[in-house]
Structure formats: structure tokens, C-alpha cells
Amino acid sequence: MNAPTELKQEDVLRIRVEVLRREHRDLDDAILALETQPAPDPLQLRRLKKRKLALKDEITRIEDDLIPDIIA
């Protein structure tokens, strides 16, 4: 059984989106944990939120590439 080892570009992008979503959820947890501390570091919070927003933008961009434009 010689199964192909190469993934299609679309499969690679779908895997990438899942990894980014997981990282996005992890950042949610980290932000929540930091916000519940008595004196959270505002700079660290800002950096985490900025990274989370960048991840969301990248996820959206990749999903737009994966979903074909439908002209109605």
C-alpha cells in the first residue's frame, strides 16, 4: 500500500486554520487567566489581545482563500 504522502494545498490550509484556531483559543484562556489576577500587567494583556486579533485576521484571510467566490 503506497498511499500518497503529499497533501493538497487546500488540505494544508485547512490544517493551518485549525492550528491557528487552537492558538486563538489558547490566547483566550491566557487572557482570561491574566485578567483574573489581582494586578494584571496591562502591557502583557495588550500584547496578547493584539496577537489574538492578528490570528483572527489570518484565519479569516485563509478561510476566504478556501471558500470560492459565488456570484449570485
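The model is a predicted one. The side chain of Arg21 forms a salt bridge with that of Glu63, with an N to O distance of 2.1 Å. This pair links distant parts of the chain, since Arg21 belongs to helix H1 and Glu63 to helix H2, 42 residues apart.

**Overall shape**

- The protein chain contains two helices and zero strands.
- The radius of gyration of the protein chain is 17 Å, whereas a compact globule of 72 residues would have one near 11 Å.
- Along the principal axes, the C-alpha atoms fill a box of roughly 55 × 45 × 15 Å.
- Among contacts with a separation of 6 or more, 65% are made by residues 24 or more positions apart.

**Surface and burial**

- Of the 72 residues, 17% count as buried.
- The protein chain exposes about 6,200 Å², and 55% of this area comes from carbon and sulfur atoms.
- Leu7, Val12, Ile15 and Val19 make a nonpolar surface patch of about 320 Å².
- Leu7 is found in the segment before helix H1 (9-35).
- Leu7 counts as exposed because its relative accessibility is 52%, and the cut-off for exposed is over 50%.

**Helix H1**

- H1 has 27 residues and spans 39 Å from its first C-alpha to its last, close to the 39 Å expected at 1.5 Å a residue.
- The buried residues in H1 are Val17, Leu20, His24, Leu27, Ile31 and Leu34.
- Helix H2 (42-66) is included in what covers the buried residues of H1.
- An α-helix has 3.6 residues a turn, so residues three or four places apart point the same way.

**Salt bridges**

- The structure holds eight salt bridges.
- One of them joins the side chains of Glu18 and Arg21, at 2.8 Å from N to O.
- Glu18 and Arg21 are separated by about one helical turn, because they are three residues apart in helix H1.
- Glu18, Arg21 and Glu63 are linked in a network of salt bridges.
- Another salt bridge joins the side chains of Glu35 and Lys49, at 3.3 Å from N to O.
- This pair too links distant parts of the chain, with Glu35 in helix H1 and Lys49 in helix H2, 14 residues apart.
- Glu35 counts as partly exposed at 39% relative accessibility, and Lys49 is partly exposed with a relative accessible area of 42%.

Notes. Residues numbered from 1 in each chain as written. Predicted model: local features only at pLDDT ≥ 70, side-chain atom pairs only at ≥ 80, totals over all residues. Heavy atoms only, no water. Patch = residues over 30% accessible without salt bridge, like charges linked within 9 Å, V, L, I, M, F, W, Y side chains within 5 Å. Areas by Shrake-Rupley, 256 points an atom, 1.4 Å probe, with all protein chains shown as cover. Salt bridge = Lys/Arg side-chain N within 4 Å of Asp/Glu carboxyl O. Helix = DSSP H or I, 4+ residues; strand = E, 2+ residues; numbered from the N terminus. Buried < 20%, exposed > 50% of the residue type's maximum accessible area, 1.4 Å probe, protein only. Rg over C-alpha atoms; globule rule 2.2 N^0.38 Å. Contact = heavy atoms within 4.5 Å. Expected span 1.5 Å × (residues − 1).
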